[in-house]
Every structure is written in structure tokens, then in C-alpha cells.
Amino acid sequence: MGIAESMEPKLLYFQDRFFSSFDDNDGDDNGLSNMVRKHPSLLTYGIDTNIEPKIAFFANEVYGGSKKGEIAALRLAGHDPKFLSYSLEKRLRPRLKEIRELGIEQKMSIGSWVKLTPAKWDVFVKRKLGES
């Protein structure tokens, strides 16, 4: 099997899962090409072992678990697929727990608590703890 044949099922998955289900997108291929262009290593991720667990995390734990939460999670990852590259156990869950414990979840965008480097995150948390 060549590269094109091995990539086709994954590309179809991304198109269907992230874009075709939105009423305002009509399955537009631009969303898919932008997603892959922004984060090409996305095509190496396992669907069941990496992508779907992270979509479930954002949908259920960040956005509250409703159908709207799932759509929000898909839009988040479709707009910025780098969110799918972060470790659930080493970054996403621990940071969500920390911002909830600090009581600042509503004050922070998802990007601000997910994308900070570990060193900047540590400084941020220490500063917030000093303010408490």
C-alpha cells in the first residue's frame, strides 16, 4: 500500500469528523487542508488512541459534555489542531485541575492554559498562588 492509499482513510475521517457535520461548512475541503497545513504531524496520530480521547476530554471535561460541547471541541481542534498534540495525562488533565483549584477557569481561554510552555506554566501558577 502506498502513502496515498494509507492516508486516504485518515483524511476521510478528518473531513467527516471535523468538518462535514457542521451546517455552516458544507464539508468544505479548505478546513481540512488548513488543518493539515497547520499541523501536518496530525496525520501520524492514532484516531482511537490519540485524537478521539482528546476530543472527548475537551467535549466532556472542558465544555461540559453536551452535543454543543462536542461541537465546540471539534471546532477547537479543527481551527487549531495543535491542541491534539498535547498529552492528556502530562499536560491537559493536570492543568485543567490546577486552574480549577485556583478558581480561574472562567477567566482563562483554553489556549492560554494549554499552550504555555512548562516553564511559563510553572511561573504562571506560582504567581497565581502568590495572589491567593
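User: Why is phenylalanine 18 called buried?

Analyst: In this predicted model, phenylalanine 18 has a relative accessible area of 0%. Buried means under 20%, so phenylalanine 18 qualifies.

User: What does phenylalanine 18 touch, leaving out residues up to four places away in sequence?

Analyst: Its contacts are Tyr13, Met35, Ile51, Ile55, Leu74, Ala77, Gly78 and Leu84. Phe18 is also one of the residues that touch the most other members of the largest nonpolar core, which has 35 residues. Helix α3 gives the most to this core, with six residues.

User: What makes tyrosine 13 and phenylalanine 18 an edge-to-face pair?

Analyst: Their ring centres are 6.2 Å apart and the planes stand at 85°. Tyr13, Phe14 and Phe18 form one aromatic cluster.

User: How do you know that tyrosine 13 is buried?

Analyst: The relative accessible area of tyrosine 13 is 16%. The cut-off is under 20%, so tyrosine 13 counts as buried.

User: Why is the contact of glutamate 70 with arginine 17 called a salt bridge?

Analyst: The closest N and O atoms are 2.7 Å apart. The limit is 4 Å between a side-chain nitrogen of Lys or Arg and a carboxyl oxygen of Asp or Glu, so the pair qualifies.

User: Is glutamate 70 buried or partly exposed?

Analyst: Glutamate 70 has a relative accessible area of 21%. Buried requires under 20%, so glutamate 70 is classed as partly exposed.

User: What makes lysine 115 and aspartate 80 a salt bridge, and which parts does the pair tie together?

Analyst: Their closest N and O atoms are 2.2 Å apart, and the limit is 4 Å, so the pair counts. Lysine 115 lies in helix α6 and aspartate 80 in the loop between α4 and α5, so the pair ties together parts that are 35 residues apart in sequence.

User: How do you know that arginine 91 has no salt bridge?

Analyst: The nearest side chain of opposite charge, aspartate 122, is 9.4 Å away. A salt bridge must be within 4 Å, so arginine 91 has none, although it is buried. A polar atom of the arginine 91 side chain lies 3.0 Å from the backbone oxygen of leucine 116.

How values were computed
Residues numbered from 1 in each chain as written. Predicted model: local features only at pLDDT ≥ 70, side-chain atom pairs only at ≥ 80, totals over all residues. Heavy atoms only, no water. Buried < 20%, exposed > 50% of the residue type's maximum accessible area, 1.4 Å probe, protein only. Lys, Arg positive; Asp, Glu negative; His and termini not counted. Polar contact = N/O pair within 3.5 Å; in protein donor to acceptor, adjacent residues only side chain to side chain. Phe/Tyr/Trp six-rings, centres within 6.5 Å; stacked < 30°, edge-to-face > 60°. Core = buried A, V, L, I, M, F, W, Y, C linked by side-chain atoms within 4.5 Å. Helix = DSSP H or I, 4+ residues; strand = E, 2+ residues; numbered from the N terminus. Contact = heavy atoms within 4.5 Å.
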